[in-house]
Amino acid sequence: LDIHDKEFVIFVGPSGCGKSTTLRLIAGLEEITDGELWIDGKLCNYLEPKERDMSMVFQNYALYPNMTVYGNIAYSLKIRKVPKKEIDQKVRQVAKILEIEQLLDRKPAALSGGQKQRVAIGSAIIRKPKAFLMDEPLSNLDAKLRVSMRTEISRLHREMGATTIYVTHDQVEAMTMADRIVIMKEGVIQQVGKPMELYDHPVNKFVAGFIGSPQMNFFDVTVKGNEVTFKDGNKLTLPEAIINKLNGREGEMTLGIRGEDLKMDAQNLELYKENKMRAVITDTEVMGNENNLYFQFGGCQAVARVSKYEISQVGDEIEFVFMPSKIHFFDKETEVNYL
């Protein structure tokens, strides 16, 4: 994996996949047992953490409880014997950027979660390191604060232009903040790419299911010629473009399609009328800006993501079509995406 200068890269994946361990290996907090870590053209496997010139923001804030906010932010400069006047100037500058000037005399115990997180970020950005490492910095915050801190961190990254490596299990955080996302599973990188690349062109079923909410629908199907047969007997005719991409592959596969690509509006129902499907709504989620409709189809539960104006109740029969250009086919064994 190459991380470029000034890039904002996010490691994402389920708990235990190795995201934080990788970050700690970069920081020098864990020993590298295999492979090489190069920073700025220099092999760093055996360098002490302090020699790697990284700043780390931890999930649990890692603030000194006996020091004020001012003391916490200033600490890294103080131990480097930076002159007091320069420290004071930099602390006040950082406090202004993070909008915590009024908190400088308080101790961490008197701060809210969001304020503590800003102080932790302040202590990391006060000196200009080669890279910022952030380990799930927003996981302890409430939903509203997470959204505002996401934009705050993105803004800081743009203003400071520092290379940032960020770890999260929250794919919304990854999609909204990253220049590139690294998706991991059981210690192995599955795919690296821009957020929309991963969303539209997942390399395998794991990536397809991990990115996007609600999760992509997966159906066990049999493909023969241009015909797809679902487990419950429903059939779908494939357009020429997809048959060409399948390149002669037939037999059992997994068909994947996102909820927003199951269409129920009159225009699409007319356009793809030869592939019209029916199902009965079993559950609904009204989100305000959109609705998720759940139903049994193809031998499993499926979900369609529709606009807030398409209102259906539990028990209603719906008609829908698959957007042919948005269908994915995955190998049953390897789970690789054929398309």
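Student: Is Asn204 buried or exposed?
Tutor: This is a predicted model, and in it Asn204 counts as buried, because its relative accessibility is 12% and the cut-off for buried is under 20%.

Student: Where is Asn204 found?
Tutor: Asn204 sits in the loop that runs between helix 7 (195-200) and helix 8 (205-210).

Student: And what does the side chain of Asn204 pair up with?
Tutor: The side chain of Asn204 makes a polar contact of 3.0 Å with the side chain of Gln190. A polar atom of the Asn204 side chain also lies 2.9 Å from the backbone nitrogen of Val207.

Student: Which residues is Asn204 in contact with, leaving aside neighbours within four places in sequence?
Tutor: Gln190 turns up again, together with Phe330, Glu335, Val336 and Asn337.

Student: Nice. Switching topic: what is in the largest cavity's lining?
Tutor: The lining of the largest cavity consists of Ile121, Ile125, Phe132, Met134, Ile153, Leu156, His157, Met160, Ala162 and Thr164. Helix 5 (143-160) gives the largest share, four residues. Helix 4 (113-125), strand 5 and helix 5 each supply at least two.

Student: How much space lies in the largest cavity, and how many cavities of 30 Å³ or more are there?
Tutor: About 70 Å³ lies in the largest cavity. The search of the whole structure turned up one cavity of 30 Å³ or more.

Student: Which polar partners does the side chain of Thr164 reach?
Tutor: There is a polar contact of 3.1 Å between the side chains of Thr164 and His157, and both of these residues line the largest cavity. The Thr164 side chain also reaches the backbone oxygen of Ala162 at 3.2 Å.

Student: What else is Thr164 in contact with?
Tutor: Setting aside neighbours within four places in sequence, Thr164 is in contact with Glu7, Phe8, Val9, Phe132 and His157.

Student: On to helix 1. Which of its residues are buried?
Tutor: In helix 1 (residues 19-27), the buried ones are Lys19, Leu23, Ile26 and Ala27. Viewed down the helix axis, these buried residues fall within an arc of 100 degrees, so they line one face of helix 1. As background, an α-helix has 3.6 residues a turn, so residues three or four places apart point the same way.

Student: What covers the buried residues of helix 1?
Tutor: The cover includes strand 1 (8-12), strand 2 (38-39), strand 4 (54-57), strand 5 (131-135), strand 6 and strand 7 (180-185).

Student: And what happens just after helix 1?
Tutor: Gly28 follows, with a positive phi of about 95 degrees.

Student: Last one: what does the whole chain look like in numbers?
Tutor: The chain holds ten helices and 18 strands, and its C-alpha trace spans about 75 × 45 × 30 Å along the principal axes. Of its 339 residues, 47% are buried. Among contacts with a separation of 6 or more, 66% involve residues 24 or more positions apart.

Notes:
Residues are numbered from 1 along each chain as its sequence is written. This is a predicted model: local features need pLDDT of at least 70, side-chain atom pairs count only at pLDDT 80 or more; totals for chains, interfaces and linings use all residues. Side-chain values use heavy atoms; hydrogens and water are left out. Buried means under 20% relative accessible area, exposed over 50%, partly exposed in between (1.4 Å probe, protein chains only). A polar contact is a pair of N or O atoms within 3.5 Å; within protein, one must be able to donate a hydrogen and the other to accept it, and residues adjacent in sequence count only if both atoms are side-chain atoms. Contact means heavy atoms within 4.5 Å. The arc is that of the directions from the helix axis to the C-beta atoms. On a 1 Å grid over the protein atoms alone, a cavity is a set of points where a 1.4 Å probe fits but cannot get out, and a pocket is an open set with protein on both sides within 12 Å along at least five of seven lines; lining residues have an atom within 4 Å of a point. Grid points are joined across faces, edges and corners, and a volume is the space filled by probe spheres set on the points.
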